[in-house]
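Have a look at the model first, and then we can go through it together.

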Amino acid sequence: MTEGSEEPKQVKFYGPTDFASYWQFERIGQIISQFDATGAPRTIADAIELYNVQLYIESGILPVAYSPVERAAAEALAPRMRAVAYKFIGAMDNTNLVAHLTGFRTITSLIFWTFSPRPRPSSAAMPESCSGHLPMPG
């Protein structure tokens, strides 16, 4: 991302003890308020960002200005956010994988996504044509 770019930095989740989480609250709030469970992420980076936001929600790390009602509403969205992200990732197969990865912004985020010990779709949830092409949890 270049200086002066209007595009916001994508939300990253490094864990509940990451002191930089505060700086992401504005973007986290935007994603929560604009989330549409019937929509689909445009890119793999968007799917990963959505997944990261649901990790913040599930960890109880939300903007300090959120009321108890807003917190409850965000907590109710988390499973749907995870499902949308998983659906996008699960739809990748050997016919579209390269196209999705070509548009990926940072390989570091992809590596964190792929090899982190977070819950991800099981190999049973992945299309058969994708089996063996993506690392799956052991």
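Trp23 has a relative accessible area of 70%, so it is exposed (exposed means over 50%, buried under 20% and partly exposed in between, with a 1.4 Å probe and protein chains only). Keep in mind that this is a predicted model, in which local features need pLDDT of at least 70, side-chain atom pairs count only at pLDDT 80 or more, and totals for chains, interfaces and linings use all residues. Residues are numbered from 1 along each chain as its sequence is written, and side-chain values use heavy atoms, with hydrogens and water left out.

For aromatic pairs, ring centres of Phe, Tyr and Trp (its six-membered ring) must lie within 6.5 Å; planes under 30 degrees apart are stacked, over 60 edge-to-face and the rest tilted. That rule gives four aromatic pairs.

## A stacked pair between two helices

Tyr51 and Tyr86 form a stacked pair, because their ring centres are 5.9 Å apart and their planes are at 25°. Tyr51 sits in helix H2 and Tyr86 in helix H3, so this pair ties together parts 35 residues apart in sequence. Both tyrosines, Tyr51 and Tyr86, are buried.

## How H2 packs on H3

Helix H2 covers residues 44-58 and helix H3 residues 68-90; they pack at about 150°, with axes 8 Å apart. Here the axes are lines fitted to C-alpha atoms over the stretch in contact, and angles between N-to-C directions run from 0 to 180 degrees. H2 and H3 are therefore roughly antiparallel, a label for angles over 145 degrees.

The contact (heavy atoms within 4.5 Å) includes Ile44, Leu50 and Tyr51 from H2 and Met81, Tyr86 and Phe88 from H3. Its residues divide into 14 nonpolar, one polar and three charged. Nonpolar covers Ala, Val, Leu, Ile, Met, Phe, Trp, Tyr, Cys and Pro; charged covers Asp, Glu, Lys and Arg; the others, Gly among them, are polar.

## The chain as a whole

The protein chain has five helices and zero strands, taken as DSSP runs numbered from the N terminus (helices H or I, at least four residues; strands E, at least two). Of its 138 residues, 40% are buried. Among contacts between residues at least 6 apart in sequence, 69% join residues at least 24 apart.

Technical notes: Parallel < 35°, antiparallel > 145°, perpendicular 65-115°, else oblique.
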